[in-house]
Amino acid sequence: MTIVTKNYPGDESSRLERPDMFRVNIPAGKEAFIGWTGHAPGGPAGEDDPSVTDAVIAHPVYGSVGWLAVVNPGKRTGEATRELLRTACQRARARHERRHGA
């Protein structure tokens, strides 16, 4: 999980240069990714506008590996973003425990 506050080379489509913009990036996993986008990671991308705010979309760069993104979560996506982050934390914890023992 990351929060980005500016554009990076090759990742300018979210237009984070606009005032007060940030993007939450979430490693959602295949099931959640499909649930939000309607297609599998690496599948045919939808017509999402990566610069739209308060919408859960496939990450503009890492969507092919199951990441979702939200630019400026708000009323429509605040709770969903928090739930996706909780699930991502649980998945990371489970991965760590599998690799290093509980």
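How many residues apart in helix α2 are Glu79 and Arg82? I found that they are three residues apart, a separation of about one helical turn.

I note that the model is predicted, that local features need pLDDT of at least 70 and side-chain atom pairs pLDDT 80 or more, and that totals for chains, interfaces and linings use all residues. Residues are numbered from 1 along each chain as its sequence is written, and side-chain values use heavy atoms, with hydrogens and water left out.

**Entry: salt bridges.** I counted six salt bridges, each a side-chain nitrogen of Lys or Arg within 4 Å of a carboxyl oxygen of Asp or Glu. Glu79 and Arg82 form one, with the closest N and O atoms 3.2 Å apart. Glu79 is partly exposed at 46% relative accessible area, as is Arg82 at 44% (buried is under 20%, exposed over 50%, partly exposed in between; 1.4 Å probe, protein chains only). Shared partners join Glu79, Arg82, Glu83 and Arg86 into one network.

I then looked up Asp11 and Arg23, whose side chains meet in a salt bridge (2.7 Å, N to O). Asp11 lies in the loop between β1 and β2 and Arg23 in strand β2, so the pair ties together parts 12 residues apart in sequence. Asp11 is buried at 9%, and Arg23 is buried at 2%.

**Entry: Ala58.** I listed its contacts (heavy atoms within 4.5 Å), leaving aside neighbours within four places in sequence; among them are Phe33, Asp48 and Trp67. Ala58 also belongs to the largest nonpolar core, which has 10 residues (buried Ala, Val, Leu, Ile, Met, Phe, Trp, Tyr and Cys joined through side-chain atoms within 4.5 Å).

Definitions and conventions. Helices (H or I, at least four residues) and strands (E, at least two) are DSSP runs, numbered from the N terminus.
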